[in-house]
Amino acid sequence: FFASFVIAEEVNSAQSKEALQKVLKDYIGLYRADSLDQWKLLFHPSVTVIFPADDGNVSVRSLEEFFQRQKNFFATRKSVSERLENMQVFEGRRIARVTADFIFIDEGVEKPGKLGLHLVEGKEGWKIVAVLFSYN
């Protein structure tokens with residue numbers, strides 16, 4: 001799943017760190033047509049997904065808009081996956097910021113980009129509250 005993984009600060013408990021790492025592994029591991037419903041559970045219901053479009057516009061999507069777009073995309077493809085490289089995790093008390101390079105693989109064609117995630121640990125565990133990404 002990850003080419004490299006660095007935890008930059010030691011703030012949260014070992015159990016909390018394990019749970020955070022599981023969410024990050026599931027972000028990639030569950031990103032498949034047959035497990036998209038489980039993948040959706042990694043996100044806080046009010047997550048914001050933001051990316052710059054080629055035309056200079058900035059797209060902002062809600063969880064439902066983002067999830068539906070992923071579901072529609074998977075329905076038109078035979079194989080889609082993603083891998084993260086050079087991942088760094090910066091922790092605060094019950095919050096985390098993740099940066100990584102990503103390689104999006106669409107039917108064998110690789111598209112690299114940059115990814116930023118913000119997560120918060122609440123009563124339901126770690127949830128992704130913000131996603132920011134762009135293709136190179």
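The lining of the second largest pocket splits into five nonpolar, three polar and five charged residues. (Nonpolar here covers Ala, Val, Leu, Ile, Met, Phe, Trp, Tyr, Cys and Pro; Asp, Glu, Lys and Arg are charged; the others, Gly among them, are polar.) Before you click further: this is a predicted model, where local features need pLDDT of at least 70 and side-chain atom pairs count only at pLDDT 80 or more, while totals for chains, interfaces and linings use all residues. Residues are numbered from 1 along each chain as its sequence is written, and side-chain values use heavy atoms, with hydrogens and water left out.

This pocket holds about 170 Å³ of space. Select Phe43, His44, Pro45, Glu124 and Lys127: of the 13 lining residues, these are the closest to the centre of the second largest pocket. S2, S6 and S7 each give at least two residues to the lining of this second largest pocket. Helices (H or I, at least four residues) and strands (E, at least two) are DSSP runs, numbered from the N terminus.

A pocket is an open set of points on a 1 Å grid over the protein atoms alone, where a 1.4 Å probe fits, with protein on both sides within 12 Å along at least five of seven lines; lining residues have an atom within 4 Å of a point. Grid points are joined across faces, edges and corners, and a volume is the space filled by probe spheres set on the points.

## On to the largest pocket

The largest pocket has about 590 Å³ of space. Pick Arg69, Gln70, Phe104, Phe133 and Tyr135, the closest to its centre among 22 lining residues. Which element supplies the largest share of this lining? Colour H3 and you have it, with four residues. Strand S2 (43-52), helix H3 (63-75), strand S5 (95-106), strand S6 (109-122) and strand S7 (125-135) each supply at least two residues of the lining of the largest pocket. That lining comes to 13 nonpolar, three polar and six charged residues.

## Into the core

Next, show Tyr27, Trp39, Phe43, Leu117, Leu119, Ile128 and Val131, which touch the most other members of the 34-residue largest nonpolar core. Such a core is a set of buried Ala, Val, Leu, Ile, Met, Phe, Trp, Tyr and Cys residues joined through side-chain atoms within 4.5 Å; buried means under 20% relative accessible area, exposed over 50%, partly exposed in between (1.4 Å probe, protein chains only). Elements giving two or more residues to this core include helix H1 (14-29), helix H2 (36-40) and strand S4 (80-92).

Now centre on Tyr27. Beyond four places in sequence, its contacts (heavy atoms within 4.5 Å) include Trp39, Phe43, Glu82, Leu117 and Val131.

## Loops and a hairpin

Select Ser35, in the loop between H1 and H2. Is Ser35 buried or exposed? Buried, at 2% relative accessible area.

S2 and strand S3 (residues 58-61) pair antiparallel over four bridges; pairing takes at least two DSSP bridges. Phe51 has Ser59 in S3 as its bridge partner. Five residues separate the strands of this hairpin, and there Gly56 takes a positive phi near 95°. Gly56 is exposed, at 58% relative accessibility.

Arg94 sits in the loop between S4 and S5 and Glu107 in the loop between S5 and S6. Arg94 is partly exposed at 39%, and Glu107 is partly exposed at 41%.
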